[in-house]
Amino acid sequence: MKYAVVLSANARRHIRYLLRQGVMNRGEHQRLVNAIAARLTHQPAEAQGSVKMLRLPNHLNVAFELRVQPWRVLYNVDELTGIVRVEAAGYKPRERLFIEGEEVVL
């Protein structure tokens, strides 16, 4: 089954923030977008490789994390409708996750 990927308004804002702050350049932005399209359209709920299942409940109420070094894409999957909803995107140097400059603990 092929899933549709939808970026929430928050996720779009988070990615724009990364670009504006210089944490990500245009080439890296394209790499992130390509990784989202490639990995989340097929088997997004399968926790293997770059995808990790998160413990619920968590601060952002997301079930999965896609790792595209050094960024993280946090999302939920609706199996019934076939939609992957990207809720947040952040930067993770070492063990700390930052979303829009704020540290987030999951």
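Predicted model: local features only at pLDDT ≥ 70, side-chain atom pairs only at ≥ 80, totals over all residues.
Local features require pLDDT of at least 70 and side-chain atom pairs pLDDT 80 or more, while totals for chains, interfaces and linings use all residues. Residues are numbered from 1 along each chain as its sequence is written, and side-chain values use heavy atoms, with hydrogens and water left out.

**Strand pairing**

Strands are DSSP runs of E with at least two residues, numbered from the N terminus; two of them pair if DSSP finds at least two bridges between them.

| Pair | Sense | Bridges |
|---|---|---|
| Strand 3 (residues 64-68) and strand 4 (residues 71-78) | antiparallel | five bridges |
| Strand 4 and strand 5 (residues 83-91) | antiparallel | eight bridges |

A hairpin of two residues leads from strand 3 to strand 4, and glutamate 65 faces leucine 74 of strand 4. Between strand 4 and strand 5 the hairpin has four residues, and glycine 82 has a positive phi near 75° there. Opposite arginine 72 stands glycine 90 in strand 5.

**Largest pocket**

A pocket is an open set of points on a 1 Å grid over the protein atoms alone, where a 1.4 Å probe fits and protein lies on both sides within 12 Å along at least five of seven lines. Its volume is the space filled by probe spheres set on the points, which are joined across faces, edges and corners.

The largest pocket has a volume of about 270 Å³. Of its 14 lining residues, Lys52, Leu54, Lys92, Val105 and Leu106 are closest to the centre; a lining residue has an atom within 4 Å of a point. Strand 2 (51-53) and strand 7 (102-104) are the elements that each give two or more residues to this lining.
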